[in-house]
Amino acid sequence: MAILVSSNPFYGPRLRAAGLADGVGDLQRFRDLCPPTTKDEVVADQLRHPPAGSNLSFPRARYVRLHQTSGTSGAPLVWLDTEASWRAMLGNWRQVLSASDVGASDVVLVAFSFGPFLGFWTAFEAAWEQGCLALSGGGMSSESRLELATRHGATVLMATPTYALRLAEVAASRSAARPPIAKVIVAGEPGGSVDSVRRRLSEAWLGAEVLDHHGMTEVGPVSVPNRAHPGVLHVLEPSYLAEIVDPDADDRPVEPGEIGELLLTTLDRPGMPLLRYRTGDLVRRSSRSAEELGSSNLALDGGILARRDDMVVVRGVNLYPSAVDRVLRTFPEVAEYRVELSTRRAMTEARLDVEPEAGAGVDLGRRLEAALRDAFQLRLPVRLVDPGALPRFELKGRRWIRRTEEAG
């Protein structure tokens, strides 16, 4: 904390103003006095002080890695790492691999783009540090990735849930042999900790074990899976001070079993830290004991349940994309889908376009509408579209589309 007060132009003034210039003291004092950091504040700081903002504790020469977010929900965030912080993040990723029982006998296909976003580089470098044969799937078509994975006997696939399903779809359509994938490690979207999505992925990969984890460019790898309790993620608390708060009630801590927003303070990234960072991730603190779960690290039931800023209000009902996905993935006849939002006289409506699998019954649309109505107490029209009509995604799926507001 002392280096932030003395050397970090972003956090130094904040800590002094909060009365924390002499140190944190106890944890409760830190939580009481240090205000949360928002993504908007970080973005604004980087716009004022390009290219990486003022949240730098060391001279520029100390930093050796640069990564940035995709910018799909606003301006991209740039993040710099020192050699020490990079080593710490790779250590955290190796904990993901160890928790997934991935080791030197495995061949790992990292099926991401190798652009400037953090996920590919930490996953790939951690895999070869773990002793695995690491295959880079960057810059390849799905066919080329499958050929690479098959030729070298890939046993582990790393991808988003969306792309893991897409790659399985391509594999099923080929006459060639399939890679012997035994584990699918997913991140980047809610889904890997959702029973319906996990079952769908496992079936698509012929019984492979599906394991979830999550992270963010600005904080690094955050959680590891619990293989004995699928659907539970554990925060890597030696690297993070984690809080779950109610953002609508003055950030009061939530009780076990309640849903709140995950706040993170990075403990091993002092060169570009975040204090009480609002991740926007909605999570539920598990009410099960550490003895039952086999870990004392903070346990999240269901992993990342939703993104707070993804919520859409449709005719007065709060809808989260992850909740809709959870319902649709219980139907194996759904190959792909898209949700179109439109607004008429200030009222938002939603319609689902669904691409069915070959052989799906003609009543699929009716059954989907009934399941959605039961889940949300809301009528959501479903339209079945022709095979191949909807796009496929190689990274995060972008299935929710807002059309131009209709005239009243």
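Is Phe124 buried or exposed, and what is its relative accessible area? Phe124 is buried, with a relative accessible area of 18%. Buried here means under 20% relative accessible area, exposed means over 50%, and partly exposed lies in between, with a 1.4 Å probe and protein chains only. The structure is a predicted model: local features need pLDDT of at least 70, side-chain atom pairs count only at pLDDT 80 or more, and totals for chains, interfaces and linings use all residues. Residues are numbered from 1 along each chain as its sequence is written, and side-chain values use heavy atoms, with hydrogens and water left out.

Confidence was examined next. The protein chain has a mean pLDDT of 92, where pLDDT is the predictor's confidence in each residue, from 0 to 100. A value of 70 or more is reached by 97% of its residues. Confidence is lowest in helix 3 (residues 27-33), with a mean of 87. It is highest in strand 11 (residues 232-235), at 98. Where pLDDT is low, the predicted coordinates should not be read in detail.

The protein chain contains 12 helices and 23 strands. These are DSSP runs, numbered from the N terminus: helices are H or I with at least four residues, strands are E with at least two. For 408 residues, a compact globule would have a radius of gyration near 22 Å; the protein chain has 22 Å, which agrees. The radius is taken over C-alpha atoms, and the globule rule is 2.2 Å times the number of residues to the power 0.38. Along the principal axes, the C-alpha atoms fill a box of roughly 70 × 60 × 45 Å. Of the 408 residues, 53% are buried. The chain exposes about 17,600 Å², and carbon and sulfur atoms supply 52% of this area. Accessible areas come from the Shrake-Rupley method with a 1.4 Å probe; for residues, only the protein chains shown count as cover. Among contacts with a separation of 6 or more, 66% involve residues 24 or more positions apart. Contact means heavy atoms within 4.5 Å.

A search of the whole structure finds five aromatic pairs. Rings of Phe, Tyr and Trp (its six-membered ring) pair if their centres lie within 6.5 Å; planes under 30 degrees apart count as stacked, over 60 as edge-to-face and the rest as tilted. Phe10 and Tyr11 form an edge-to-face pair, at 4.9 Å centre to centre and 85 degrees between the planes. Both Phe10 and Tyr11 are buried. Phe58 and Tyr63 form a tilted pair, at 6.3 Å centre to centre and 45 degrees between the planes. Phe58 and Tyr63 are also buried. Arg62 lies over the face of Phe58, 4.1 Å from the ring centre. Arg65 lies over the face of Trp86, at 4.0 Å from the ring centre. A charge sits over a ring if NZ of Lys or CZ of Arg is within 6 Å of the ring centre and within 35 degrees of the ring normal.

Phe120, Trp121 and Phe124 form one aromatic cluster. Phe124 lies in helix 6 (residues 118-129). Beyond residues up to four places away in sequence, Phe124 touches Val110, Ala134, Leu135 and Ser136. Phe124 and Val108 are 16 residues apart in sequence, yet 8.4 Å apart in space, C-alpha to C-alpha.

Glu218 is found in the loop between strand 8 (215-216) and strand 9 (220-221). Glu218 counts as buried because its relative accessibility is 4%. Not counting residues up to four places away in sequence, Glu218 touches Thr69, Leu77, Trp79, Arg269, Leu274 and Tyr277. Met272 is 54 residues from Glu218 along the chain, and their C-alpha atoms are separated by 8.7 Å.

Several backbone features were recorded in loops. A cis peptide bond joins Pro50 and Pro51, with omega about 5 degrees. Pro51 is placed in the loop between helix 4 (39-48) and strand 1 (63-68). Arg276 is not a glycine, but has a positive phi of about 50 degrees. Arg276 sits in the loop between strand 14 (259-266) and strand 15 (277-284). With a relative accessible area of 5%, Arg276 is buried. Arg315, likewise a residue other than glycine, has a positive phi near 45 degrees. The loop between strand 18 (312-314) and strand 19 (317-319) holds Arg315. Arg315 counts as partly exposed, at 33% relative accessibility.
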